[in-house]
Amino acid sequence: MALEIERKFLLAHDGWRAHVERTEQLLQGYLGGTQASVRVRVAGNSAWLNIKGRTLGATRLEFEYPIPPADAEIMLRELADGPILSKQRHYLQLADHLFEIDEFTGDNAGLIVAEVELESEDEEFPRPDWLGAEVTADARYYNVNLVRQPYTQWEDQ
């Protein structure tokens, strides 16, 4: 069974930027469903179909399959429910952990979230001073929900 264990954090300051190893532009759209979020993701010349369980918390089912970029473009244009989510994903390695920092654009501009994937929920990982409040269990920060209720529309941001 494919499980993703991922912790999600807000950022306390921009100190992380000095450690970025690479950045890519991501576009993703969601294809409906009540038990899972089904999304099409495009990054450069690559594309994936990703199915992720809708449970709250750090551990969720996740399946990901490469698809032809031309198919992904059609799916995003013709099948996506709601707007397309866009963000820059920054990658940085700290010790044995890869942090993915998503800097959202469009209707979610101003939101920056760090994610780290783990082998277990209680696994130790680096906690640099730029890592802010944990939002793993806050469903508002799930990408599928950012499409429906963008960050710029939140009253308490």
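**Figure 1. Salt bridge between arginine 17 and aspartate 14 in the predicted model.** In this predicted model, aspartate 14 and arginine 17 pair through their side chains in a salt bridge, with an N to O distance of 3.6 Å. Arginine 17 is partly exposed at 34% relative accessibility, and aspartate 14 likewise counts as partly exposed, with a relative accessible area of 48%.

**Figure 2. Salt bridges of glutamate 115.** Glutamate 115 forms a salt bridge with lysine 8, in which the closest N and O atoms are 3.0 Å apart; because lysine 8 belongs to strand β1 and glutamate 115 to strand β8, this pair ties together parts that are 107 residues apart in sequence. Lysine 8 is buried, at 5% relative accessibility, and so is glutamate 115, at 6%. A salt bridge also joins glutamate 115 to arginine 89, the closest N and O atoms lying 3.9 Å apart, and since arginine 89 lies in strand β6, that pair links parts 26 residues apart in sequence. Arginine 89, like glutamate 115, is buried.

**Figure 3. Network of salt bridges.** Lys8, Arg89 and Glu115 belong to a network of salt bridges that also includes Lys87, Glu100 and Asp102, while the structure as a whole holds 13 salt bridges.

**Figure 4. The largest pocket.** This pocket, with a volume of about 420 Å³, is lined by 27 residues, among which Glu4, Arg39, Arg41, Lys52 and Glu62 lie nearest its centre. The lining comprises 15 charged, eight nonpolar and four polar residues.

**Figure 5. The second largest pocket.** About 150 Å³ of space lies in this pocket, whose 13 lining residues include Leu10, Gly110, Leu111, Tyr141 and Tyr151, those nearest its centre. Eight of the lining residues are nonpolar, three charged and two polar.

Terms used:
Residues numbered from 1 in each chain as written. Predicted model: local features only at pLDDT ≥ 70, side-chain atom pairs only at ≥ 80, totals over all residues. Heavy atoms only, no water. 1 Å grid on protein atoms, 1.4 Å probe; cavity = no way out; pocket = protein on both sides within 12 Å on 5 of 7 lines; lining within 4 Å. Points joined across faces, edges and corners; volume = space filled by probe spheres on them. Nonpolar A, V, L, I, M, F, W, Y, C, P; charged D, E, K, R; others polar. Salt bridge = Lys/Arg side-chain N within 4 Å of Asp/Glu carboxyl O. Helix = DSSP H or I, 4+ residues; strand = E, 2+ residues; numbered from the N terminus. Buried < 20%, exposed > 50% of the residue type's maximum accessible area, 1.4 Å probe, protein only.
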